[in-house]
Amino acid sequence: GSTLRARYSSVCERGIGGFKFKSVCERGIGKLRTRDFHGLDRITSSRPQLTTQSISEGAALQLMPASSGGEMQGPIATKIAKFRAALFYSITATIAIPLFAVMLALAPPVLIFDRYRRALEHSVNRFWAAASTKPLYNTKIEGLENLPGPKEPAIYVANHQSYLDIYTLLTMLPRPFKFVSKTSNFLIPIIGWSMFLTGHVGLNRMDRRSQIRLINDCRKLLDNGAQVLLFPEGTRTTTWMQDEFGKAHPVMGSFKKGAFSIAKKAKVPIIPISLVGTGNLMPNGREFLMFPGSTKMVIHPRIETEGRDANELMTEARNAIASALPEGSY
């Protein structure tokens, strides 16, 4: 009503944290059309969300609370976040070499007896991720009853907010799985090599042949009882919104159809997963910061794919993931 419009206009005029939401305000309070990082039009919720791509940079940090409750803000909170990030990377680096040595020792028998699932190598990855993250943040998990069997082929699809997403999934998801990463990441000493030993899948987004190989590699894994994790957004989100209480949230981007086409052709179920809060702890593009707080992972009921259209599967999975995200951040 008029009261809501007045409040919205006031916020637009003043700005928040020194950043004026001019591009959003000019579009009015109705269904705001924004352009996400893929260049595709997306409709946000009809409620007055202050959503704009530029918030993903410096302005996002002004809006973002330094803890889950939002009570810590300012320079001190930023220094704490920098210290926590340094601690996180220090722990990861310290345990990387001995754990990689373990993975090397396990590689021959794993390749002989468990070439596709590589459960032992995955268990080392999981310990690595847990040792790096559990001292710094906790994750609440819901929906474990929705997981497929350990040797049942399936595709997990999740929203992608932060560098911490993979660490959180490795720590909390009690199943060996393969994820897709840029081919250049496999060249990173220790980390990239461990990804190679675990059998994760490389992708060069600019190479059409690499995309075709990705489909074939995923099909081969699924046909041999492995489980695959894909991020249908394609990359980490760069868009943020602010809720009515002044807290910033990363906005889930549009989905690509690839993961759902693979699942349909392989006739395997899709397991949607919502990751909540990882982007607030370590914002995309600000990996030198790790704010205090906690995260949540929600595993939704499986979506059967046989006889279904890929677009229909994509919509159903996206709606499931969005159901656990803060209102307006999808």
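Reader: How many bridges join β4 to β7, and which way do the strands run?
Author: In this predicted model, β4 is joined to strand β7 (residues 227-230) by four bridges, and the two run parallel.

Reader: Which residue of β7 is the bridge partner of V157?
Author: L230 is the partner of V157 there.

Reader: What about β10, parallel or antiparallel to β4?
Author: Parallel, over four bridges; β10 covers residues 270-276.

Reader: Is β4 itself mostly covered or mostly exposed?
Author: Mostly covered. β4 spans residues 154-158, and five of its five residues are buried.

Reader: Which of them point which way?
Author: A154, Y156 and A158 point one way, while I155 and V157 point the other way; all are buried. In a regular strand, side chains alternate between the two faces of the sheet.

Reader: Which residues of α5 are buried?
Author: The buried ones are E121, H122, V124, N125, W128, A129, A130, S132 and T133.

Reader: And what covers them?
Author: The cover includes three helices: α4 (75-113), α6 (164-172) and α7 (191-198).

Reader: Next, R308. Where does that sit?
Author: R308 is in the loop between β11 (295-299) and α11 (310-322).

Reader: Buried or exposed?
Author: Buried. The relative accessible area of R308 is 18%, and the cut-off for buried is under 20%, so R308 falls on the buried side.

Reader: What does the R308 side chain reach?
Author: The backbone oxygen of E304, at 3.2 Å.

Reader: And which residues is R308 in contact with, leaving aside neighbours within four places in sequence?
Author: K264, I303, L313 and E316.

Reader: Last one, M241. Which strand is that in?
Author: M241 belongs to strand β8, residues 240-242.

Reader: Why does M241 count as buried?
Author: Because the relative accessibility of M241 is 1%, and anything under 20% counts as buried.

Reader: What separates the C-alpha atoms of M241 and V251?
Author: A distance of 6.4 Å, with the two residues 10 apart along the chain.

Definitions and conventions: Residues are numbered from 1 along each chain as its sequence is written. This is a predicted model: local features need pLDDT of at least 70, side-chain atom pairs count only at pLDDT 80 or more; totals for chains, interfaces and linings use all residues. Side-chain values use heavy atoms; hydrogens and water are left out. Buried means under 20% relative accessible area, exposed over 50%, partly exposed in between (1.4 Å probe, protein chains only). A polar contact is a pair of N or O atoms within 3.5 Å; within protein, one must be able to donate a hydrogen and the other to accept it, and residues adjacent in sequence count only if both atoms are side-chain atoms. Contact means heavy atoms within 4.5 Å. Two strands pair if DSSP finds at least two bridges between them.
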